[in-house]
Amino acid sequence: MIPAGFKESLACSSDRELEPLIDKVLGDRPLDFEDGLMVLESKNLSLLGALADHITLQRRGERVFFAVNRHINYTNICDSKCNFCAYYREEGDIDAYTMSLSEILGLADEASRMGARELHIVGALNPSLPLSFFEEMLEEIHARYPEMGIKAFTAVEIAYMAEREGVSTREVLLRLKRAGLTCMPGGGAEILGERVRERLCPEKISGEEWLSIMEEAHSIGIPSNATILYGHIETYSDIVDHLLRLRDLQRRTHGFQAFIPLSFHPEKTGLKGVRGSTGFDDLKIIILSRLIFAGEIDNIKAYWVTLGPKLAGIALRNGANDLEGTIIEERITHAAGARTPTSLSKEDLINIIRDAGRVPVERTSTYETVKVYD
Ligand code: SF4
């Protein structure tokens, strides 16, 4: 229900040209490509933020999710060598690493003792790791810590496992699910359009392949997240096109649990002359995500690793209803020079959410409630 006077209060601060868009959003009609461009081109952040916050409250209420989780990046040796990536190393580099199964289990054990309910496991395209290594990893973690959700392997890693093993991506997904995979992260999407992908990551799977692996995963009961990497060489059209492609897939599968905008950190990467995003850009993408996905992808995540905890808190009043978790040890964005913390405590997350006037809800990796902190 639209609160009395809400539309009028928006109109007071409205650019006339935004009024049809406001009508569309408040009338529950989906935004199209031109609407998306209008949001990105507008400077009226306060109006658009209020609109996105209104839709968030209407669809998701006052509750904001967070997870006590741990990231495990099992290797940084990668065959793909994406131009935007500062994380990968080549075999033999002094700081190249691959974790053994016992190291991974040690980290899972530490996470379990800290009360984590989710492991986020992603790595790189390391030719020395067979599919059986990943199956054993999942089986062991699942057997020891059945309460822990295992969110693991991007669509890019799944495609690489399938290629190395000589089997279909569907078979890889089925085997990993049998071994204990709960859900998948949304990485590797970057920008789905081929023009940008050719320059960012020419060796990576195409945008269409990324979407097709996600569709397969959803069809066999593996939900996933979706991401966008912005703030590099993309245009506004590329961003809107990316979101609309995700929305199309979501309408078919309903398998995306959360959407996570990731701002690009250019330092130490191969992309020269790129400035990265501003705080204004960051909030605009959160706002646009909520307005485009409305009730179709339930959760829009404020990823404090790239936003910083302060801006992440502000995002919670501009369309986000989900805050990245404790993480414990973030390696990938920090390899590119991020100056944000590598970990936040559960209390930090609760405080950020409460400061934004919202109710913290600890979640599992499939968004069941663990505890409401009201
Ligand atoms: S982004 Fe992923 S696939 Fe690309 S080089 Fe980095 S680790 Fe490898």
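**View 1. Two domains, side by side.** The centres of domain 1 and domain 2, taken over C-alpha atoms, are 29 Å apart. Domain 1 covers 6-56 and domain 2 covers 63-372, with bounds that come from an automatic or database domain assignment. Keep in mind that this is a predicted model, where local features need pLDDT of at least 70, side-chain atom pairs count only at pLDDT 80 or more, and totals for chains, interfaces and linings use all residues. Residue numbers start from 1 along each chain as its sequence is written.

**View 2. Where the domains touch.** Here, 16 residues of domain 1 are in contact with 19 residues of domain 2 (C-beta atoms, placed from the backbone, within 7 Å). On the domain 1 side, α3 (33-41) and α4 (45-60) are the elements giving two or more residues, and α4 gives the most, with eight. Helices are DSSP runs of H or I with at least four residues, strands are E runs of at least two, and numbering goes from the N terminus.

**View 3. Around the ligand.** Look for Cys78, Cys82, Cys85 and Cys201, which are among the residues surrounding the ligand (C-beta atom, placed from the backbone, within 6 Å of it). Lys81, Lys204, Tyr87 and Tyr88 are also included in this shell.

**View 4. Stepping back to the whole fold.** You can pick out 16 helices and ten strands in the protein. Its C-alpha atoms fill a box of roughly 60 × 45 × 40 Å, taken along the principal axes. Of the contacts with a separation of 6 or more, 76% join residues 24 or more positions apart.

Conventions. Two residues are in contact if their C-beta atoms, placed from the backbone, lie within 7 Å.
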